Amino acid sequence: MTVLSREHIIARMNQGDLVVSPILSGDQIGAASVDLRMGNVVLMVRARGSSHVDPSLAKARAQSQNDHDKILDRNQKHERYDIPFKTRFLLHPGSLALVPTLEWVKVPPDLMGNVTARSTWAREGLSIATATLIEPRYQGIVTLELANLGQIPLSLYPGLQIAQIAFAVVDGDTTRPNRGQYDLSFEPSQGSIAKPDDFPFIPTHP
Amino acid sequence: MLPLDFLREESNSVKRALDDTLRHDYAPELSAEFYGECVKRIRHIDQQIEAQVAAPQPQAIAALLSELGDISTFITLIERSRLGEFSWPFADELRRIAREFLAEPDLFGKTGYPIVHVVADGRGYRILFEDAVRSANSVRKFAIVLFPRPFKDHVLLHSIFGHELGHASLSTSVTGYALVSQLTGALSGGNLTSADSMTAWLYSSDAPQEMKHELNEYQRRYPEPFKFNDDIRLFWIHELFCDLFGLLLFGPSFLAAHKTIIGPSHPHPLKFDLLEPSHPPYAVRHRMLVQAMRVLQWHKTITVRTFDSEVHAAEFQFLDELMEDPFPPWARIVTEQEIEDSINGIRSVCSANVYHPPGSDIIISLVKRLKAALPPILDDRSAQGEPNLRKLDFRAILHAGWIFWTGLGHFSPAPQLSFRQVNQLCNQALLQQRAIDEFLSQ
């Protein structure tokens, strides 16, 4: 696997096919990665939203004809907070928050991104441990799944550089026939834990 | 329950409702200022209530109830101005402009800035601006900016707020007085000179057939033919002024939003409701804006064809569609000279906030970002990766958004973005530009 160096990241960014924008400082681009800043929205699981996560319930919802239930299920799970700049967001130990990056990221067809926490924040207990791979052709904000693995709450402010993305070269054609060119991601949102291909393995009645 | 007891009960309830508002998040420092102002007003009312104990006066009790009702209305609206229901970067820009325009001296002669909140209420674009603060203890007025809830993401349409800011500005003691005096002078020579001259214009031989029909119908039903009076004349002048104000404030984006939002709700653009003649016909308003675009020289393209033929073609189409004016000569109620004088009058009062279109390179750069499905900000860097950060007027982002959307067909390969996606990209750009501004301010 070939990982892009700073020189090649800048070259591809100046070429225009790789985008991480805005870059506020030259220091944001490291030896082989670009630092990502926290954006202005936080999604947290709502205390009274869902009792538990169960793919069989997700399957039932997906197959339901009842729009109300489908939308209710999707919209009730998280509490959404807008966090303007210079406003604090406290991430408590053991809690998970979905936040967007401030940067808009566009990954060309021959690259993929790998997102991780910055080591300085990781040492404080901040983990970005889950879906870290950004597919070729992705366009939009990157959703960061923040977890506090430490013992004390972490104060986070939009604009802070909390994550980093490295880019690796992908060989061959990366076109996905079911994915549109203009699928843009503007906000973090709940993922789909039960895709149609998973349905055969999930019981209808849990 | 005695009226005075009920009044006391209501005052306590309003205070409790005020306390409840603090359950929610507002932009930093915003909750302290509205909370403090409301507490002052409620305390003053409580003192008035106690003054009534010895000899309750029904009129005084009714007046205090009405005052509490007004505070309650603002509290209810402010509670819904919490974050998450609208585009806060856009709301922040609006709040900044509104504070400037709606500032006026307080009771002590010091410049008082209004407390501006933004609410998504689902009933169209409006600004509720207090006419006067009744309590001697209150020093700040409330201004509530109301967005239609379904258009939460549609920042391009929000340019229409220029018109509403015009109305709110007219009601202020300083800016409003200066604007009205400029306006009266500018529009004193033509069709809008008097109610009689307006009536003559309405009955002129070149009036459209549908308007003539309305006037005949009116005359058939009522004993007197329809005539303008001084109140209606003033309404029309204010409406036309506010359109002009909006254009100067938001640039061509205002006319684009005006045409998009107001045009479709006027299936008969050449006539107006004779029983409720508060607004001129849509055709008259559109014509005046088209004339103003020419006066301002904004009907000419900013972009240079040789620099980017696609963006230039898109801008050409944008302007072509904006300047489209299918209405007959009758719709021209004001002259170019009157418009120019009005523009100069507005500029002399509000020069700091008038829109100045950016240069060709900036518009091209922003529109090309949209073509690439990127938020339209200025984001270039050196070969070594050092960013070249610049401040950018948020209205330039909206301007570029409209050019891109209108000229979508001129780009190759054809972008498949929806109107909502273009709005979302522009909204994201407002947010990112805000981050750039914060960074540069260090």
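Guide: Welcome! Two strands count as paired if DSSP finds at least two bridges between them. Keep in mind that this is a predicted model.

Visitor: Thanks! Which residue stands opposite V45(A) in strand 4 of chain A?

Guide: V45(A) faces H78(A) there. Strand 3 and strand 4 (residues 78–82) of chain A run antiparallel, and five bridges join them.

Visitor: How many bridges join strand 3 of chain A to strand 6 of chain A?

Guide: Two bridges link strand 3 to strand 6 (residues 96–106), again in chain A, and this pair runs antiparallel. Within it, M44(A) stands opposite A97(A).

Visitor: Is strand 3 of chain A mostly covered or mostly open?

Guide: In a regular strand, side chains alternate between the two faces of the sheet. Here, strand 3 of chain A (residues 41–45) is mostly covered, with four of its five residues buried.

Visitor: How many helices and strands does chain A have?

Guide: Chain A has four helices and 12 strands. Its radius of gyration is 18 Å, close to the 17 Å that the globule rule gives for 206 residues, so chain A is as compact as a globular protein of that length. Of those 206 residues, 46% count as buried.

Visitor: Let's turn to cysteines. How many disulfides are there over all chains?

Guide: A disulfide is a covalent bond between the sulfur atoms of two cysteines. The count over all chains is zero.

Notes. Residues numbered from 1 in each chain as written. Chains lettered and ligands numbered in written order. Predicted model: local features only at pLDDT ≥ 70, side-chain atom pairs only at ≥ 80, totals over all residues. Heavy atoms only, no water. Disulfide = S-S within 2.5 Å. Buried < 20%, exposed > 50% of the residue type's maximum accessible area, 1.4 Å probe, protein only. Rg over C-alpha atoms; globule rule 2.2 N^0.38 Å.
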